[in-house]
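Have the model open as you read.

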Amino acid sequence: YVNSMKILLVRTWENKKSYRCYETNITGIYPPLGIAYLASVLRESGHKVRIIDNQILRLNQKYLKARIKEIQPDLVLISSMTTSWPEALRLSRLIKEISAKITVGVGGPHIGLYPQESLKWESIDFGVLGEGEQAILEIVISLERNKSLKDISGCAYKDNGQVLINPPRPAIVDLDTIPFPAIDLLPHKRYFSSMMKGPVFSIITARGCPFNCNFCYRDHLGYYRTRSAENVVEEIEILTAKYGIKDMVFFDETFAAEEERTLKICDLIRRKNIKFNWDIRTRIDLMNENILKNLKSAGCSRIHIGVESGSQRILDNMGKRVAIEDASKKIGYAKKFGFEVRGYFMLAYPGEEYDDLLQTLSFANSMPLDWASFTVTIGLPGTNIYRDAVKTGYFSTDCWKEYTEGKIPYPKPYFLPDGLDIRDVFSFKRKAYLRFYMRPKKLFNIVSKLKTIDLLNNGSIFIRTVPAMGRSIFSIPEN
């Protein structure tokens with residue numbers, strides 16, 4: 001390299017007007033592993049790297065500007081989900097106010113979906129499309145040498161004001177070659193979940209998903225690939241021994257998709273006698289008694305399951321490929337082994353009728369779940385349901401494209417059952433929460449699971465988080 005660069009990576013703070021208020025149960029704040037992986041790769045290549053996770057720090061514009069001035073970066077990389085796009089754009093403008101010489105790059109799923117529209121803004125110099133660990137190294141070399149980005153796959157850039165989009169970069173085949181996330185650059189002691197004792201951190205053992213549900217956007221992470229069991233457990237050892245992590249969230253899209261690897265991870269954890277609590281996200285059809293027994297013996301204590309609907313017709317429309325009668329049986333297996341089970345349900349899916357909503361509510365209350373989450377279905381960009389809705393004219397325009405271009409504020413691409421409007425659907429969502437939780441056993445469960453240590457250590461964050469959780473349950477967006 002010509003010189004090492006000073007590189008700053010930032011996760012923005014999504015403001016209260018974003019979809020987090022309506023469609024996400026905000027039970028905690030978890031580390032931004034995407035930028036932590038990039039930071040590790042860049043640092044390993046000799047660059048001076050810093051991270052600002054403003055989702056946890058909550059710096060206002062004044063203090064964020066002061067922090068960036070203090071760091072004096074040559075390059076700032078901003079991570080952006082679709083819901084946080086306005087904040088990413090606002091941050092890019094703030095950076096250019098500090099110095100027009102600072103190069104600004106944006107990564108994340110949203111820019112991969114709308115690269116042309118995203119880069120039309122003067123404050124953004126380039127975008128990283130898809131997985132960024134390999135692309136960013138080539139981009140930085142070109143920036144150091146003041147060369148064009150035209151030959152770098154997996155990026156979009158500008159040439160004399162024109163936005164150019166390079167071909168996609170192949171997904172990284174061997175995930176074990178990627179260094180572990182730069183945990184030391186994050187405020188790792190501050191991440192928390194209201195339902196875990198902590199300290200809390202997260203880990204990803206695979207990328208992509210082998211399934212193809214119609215409501216999910218998979219393209220950003222590429223096809224399904226896994227890290228070796230040995231590589232995963234090595235990272236777990238570091239998190240527990242070096243950083244004192246007591247609770248870990250496995251943020252794979254679908255854990256336990258490969259039974260043999262899952263059993264090997266559990267076996268290595270047992271053999272190395274690593275003591276920690278962890279949870280997973282998985283599917284109903286992947287839970288069998290052998291996997292559950294091994295997960296439990298290795299310290300896994302919570303399972304998050306995307307049940308999605310109590311209507312078999314809607315499950316089929318979703319492309320879930322699961323039978324409704326299997327859910328109670330498999331969740332019963334999990335409860336038998338002592339797991340805390342959390343179920344997730346979608347309301348107002350395309351083609352859903354009011355009777356389907358009632359079936360979902362009845363089904364959720366009939367299952368032995370410890371927790372339930374109900375969200376109103378959104379047509380997110382890149383998903384099959386959104387593409388179909390735009391193509392058929394259900395949505396009159398690509399509202400996410402207009403949103404990216406700054407023509408409209410937060411879109412509301414909801415799929416409304418016949419005879420219902422947005423207020424009706426969100427009122428039903430509120431009823432679903434009240435019906436599920438306003439039972440003595442569930443209320444006792446909530447109180448018993450709250451961890452006083454988190455309230456003490458993260459009081460200021462809880463002050464902001466609890467109202468957001470309330471808005472998620474009770475707020476109704478304007479028409």
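## Strands β4 and β5

In this predicted model, strand β4 (residues 75–79) runs parallel to strand β5 (residues 103–107), and 5 bridges join the pair. Strands here are DSSP E runs of at least two residues, numbered from the N terminus, and two of them pair if DSSP finds at least two bridges between them.

## Helices α2 and α8

Now to the helices (DSSP H or I runs of at least four residues). The axes of α2 (residues 33–44) and α8 (residues 133–144) come within 10 Å and cross at roughly 45 degrees. Axes are lines fitted to C-alpha atoms, for helices over the stretch in contact, with angles from 0 to 180 degrees between N-to-C directions.

Where do α2 and α8 meet? Tyr37, Leu38, Val41 and Leu42 in α2 meet Glu133, Ile136, Leu137 and Val140 in α8, contact being heavy atoms within 4.5 Å. The residues of this contact divide into 7 nonpolar, no polar and 1 charged.

## Reading the model

Residues are numbered from 1 along each chain as its sequence is written, and side-chain values use heavy atoms, without hydrogens and water. Local features need pLDDT of at least 70 and side-chain atom pairs count only at pLDDT 80 or more, while totals for chains, interfaces and linings use all residues.

Key: Nonpolar A, V, L, I, M, F, W, Y, C, P; charged D, E, K, R; others polar.
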